[in-house]
Amino acid sequence: MAEEKSIDLYLPFFTMMVLALCIIGSIMPGITSVLIYDRTAISEGELWRIVTSHFVHFNYIHLFYNLLVFGIAGWIIERRGYNHFKLLCVLSATFIGITLFIFQPGMMYYGGLSGVACGAIYYSALFGLREPTPWRNICLCIIVALPIKIALEIYYNSSLLPYGEKQTFVLIPISHLAGSIAAFLLFLAVRNKGIANQNVLKYLDTKNKLERA
């Protein structure tokens, strides 16, 4: 009898949905104009642009890098079952948009998923610290390396990734920092909630034992 082989056909549906929205938001000008971060339009009440701007990209290389990084991070998070990925995306996208609106008053337009992707990478690495090696060691390297990368980008005000001579946009490293901060804060909230739930279970278990004694 032939040995049965299990084939991992897991599909990260939420990640794929975000990637599809980025492609649609970046290649269809009519949709791009409605989604992009436009400071004037946001000031006049079009607040959805704070979140939807992350679906917009300014050229194919920009789109490719962001889809690649977010796709890998999203697949890991969904495949390993790390909690609250959808909430992470909404929170980080909102936090990044508000941060840019407050701290980048001279920036009129913004687009790109890189900040959310940085948050997803950091979030997956933080959860990975709970897992056995070698994955735990990989996650530890990411936790150390990602802040260094962001610090260098802020210092040089430039991306460490090659975009070629025809770069048609300016990197905003603060978006990467904001996305990572949002991921860290959500991870702390999830972890503390888990600890609180464990304490409640221990309390109830102790109470039941005392009642039976």
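Student: Where does F58 lie in this predicted model?

Tutor: F58 sits in the loop that joins α4 (49-52) to α5. Its C-alpha is 9.2 Å from that of I27, although F58 and I27 are 31 residues apart in sequence.

Student: Why does F58 count as partly exposed?

Tutor: The relative accessibility of F58 is 33%. The 33% of F58 falls in between, so F58 counts as partly exposed.

Student: Why does L140 count as partly exposed?

Tutor: L140 has a relative accessibility of 41%. That value is also between the 20% and 50% limits, so L140 is partly exposed. The residue is found in helix α8, residues 135-156.

Student: What makes L140 part of a nonpolar surface patch?

Tutor: A patch residue needs over 30% relative accessible area and no salt bridge, and nonpolar side chains are joined within 5 Å. The patch consists of L140, V144, I148, L152, Y155, Y156 and L160, and its area is about 740 Å².

Student: How do you know that the span of α7 agrees with its length in residues?

Tutor: The expected span is 1.5 Å times one less than the number of residues. For the 15 residues of α7 this gives 21 Å, and the end C-alpha atoms are 21 Å apart, so the two values agree.

Student: Which residues have the most contacts inside the largest nonpolar core?

Tutor: They are F70, F85 and Y123, in a core of 47 residues. Helices α1 (13-27), α5 (60-80), α6 (85-103), α7 (114-128), α8 and α9 (173-212) each supply at least two residues of this core. The largest share, nine residues, comes from α7.

Student: What does Y123 touch, not counting residues up to four places away in sequence?

Tutor: Y123 touches I77, N83, H84, L88, A183, L186, F187 and V190.

Terms used
Residues numbered from 1 in each chain as written. Predicted model: local features only at pLDDT ≥ 70, side-chain atom pairs only at ≥ 80, totals over all residues. Heavy atoms only, no water. Patch = residues over 30% accessible without salt bridge, like charges linked within 9 Å, V, L, I, M, F, W, Y side chains within 5 Å. Areas by Shrake-Rupley, 256 points an atom, 1.4 Å probe, with all protein chains shown as cover. Salt bridge = Lys/Arg side-chain N within 4 Å of Asp/Glu carboxyl O. Helix = DSSP H or I, 4+ residues; strand = E, 2+ residues; numbered from the N terminus. Buried < 20%, exposed > 50% of the residue type's maximum accessible area, 1.4 Å probe, protein only. Core = buried A, V, L, I, M, F, W, Y, C linked by side-chain atoms within 4.5 Å. Contact = heavy atoms within 4.5 Å.
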